[in-house]
Amino acid sequence: MSFSSAPYGRGEEPAAGAAPVPAGATPARRMAVVCCMDARVDPLPALGLKLGDAHVIRNAGAVATDDVLRSLASSRELADTSAVVLLAHSDCRAHGGDDDDARATVRDGIARVRQALPGVEVSGAFYDVGTGSVSAL
Ligand code: ZN
């Protein structure tokens, strides 16, 4: 499926169901979320957030890579981001479906982000794709 044939329109008018665009580029809650790219996970509603509340950085497995740290540093620099949540999920293919490995990766990521961004509140959470529940890590 190409962009022009996708069901979400071509930018001429808002796609059906599109949320209103917030007024500013600065996240309203001054936070960033690092989340797996899995199509089953929508991080904002999973964390009780809405469009405009947080920067969202996604990759395979919610891994705190150097590039994620670079983006988080930009988030802090540009938007005075003061909190980061790393969000892993169950049945993650980036972790071979091993939930314990996904959780361990987030815990490692928390330590890595804390070291890279002192003074920023860093936490982790785990989303269950089967139930939609979220628990703290
Ligand atoms: Zn995943």
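Biologist: How many bridges join strand 3 to strand 4, and do the two run parallel or antiparallel?

Modeller: In this predicted model, strand 3 (residues 83-89) and strand 4 run parallel, joined by 7 bridges. To get from strand 3 to strand 4, the chain passes through helix 3 (residues 99-116), and that β-α-β crossover is right-handed.

Biologist: Which strands pair with strand 1?

Modeller: Strand 1 (residues 31-36) is joined to strand 2 (residues 54-59) by 6 bridges, and they run parallel. Met 31 has Ala 54 as its bridge partner there. Strand 1 also pairs with strand 3, again in the parallel sense, over 5 bridges. On that side you can follow Cys 35 to its bridge partner, Leu 87.

Biologist: How should I read the two faces of a strand?

Modeller: In a regular strand, side chains alternate between the two faces of the sheet. Now apply that to strand 1: Met 31, Val 33 and Cys 35 lie on one side, with Ala 32, Val 34 and Cys 36 on the other, and all are buried. Both faces of strand 1 are covered.

Biologist: How many residues of strand 4 are buried?

Modeller: Strand 4 (residues 121-127) is mostly covered, with 5 of its 7 residues buried.

Biologist: Why does Val 122 count as buried?

Modeller: You count C-beta neighbours inside 10 Å; the cut-off for buried is 20 or more. Val 122 has 21, so Val 122 counts as buried. This residue sits in strand 4. Beyond its neighbours within four places in sequence, Val 122 is in contact with Val 84, Ile 110, Val 113 and Arg 114. Leu 86 is 36 residues from Val 122 in sequence, yet their C-alpha atoms are 7.8 Å apart.

Biologist: Zooming out, what pattern does the chain follow along the sequence?

Modeller: The order is β-α-β-α-β-α-β-β, built from 3 helices and 5 strands. Of the 137 residues, 29% count as buried. As for contacts between residues at least 6 apart in sequence, 63% join residues at least 24 apart.

Note on methods:
Residues are numbered from 1 along each chain as its sequence is written. This is a predicted model: local features need pLDDT of at least 70, side-chain atom pairs count only at pLDDT 80 or more; totals for chains, interfaces and linings use all residues. A residue is buried if 20 or more other C-beta atoms lie within 10 Å of its own, exposed if 12 or fewer, and partly exposed in between; C-beta atoms are placed from the backbone. Helices (H or I, at least four residues) and strands (E, at least two) are DSSP runs, numbered from the N terminus. Two strands pair if DSSP finds at least two bridges between them. A crossover is right-handed if, with the strands pointing away from the viewer, the path from the first strand over the helix to the second runs clockwise. Two residues are in contact if their C-beta atoms, placed from the backbone, lie within 7 Å.
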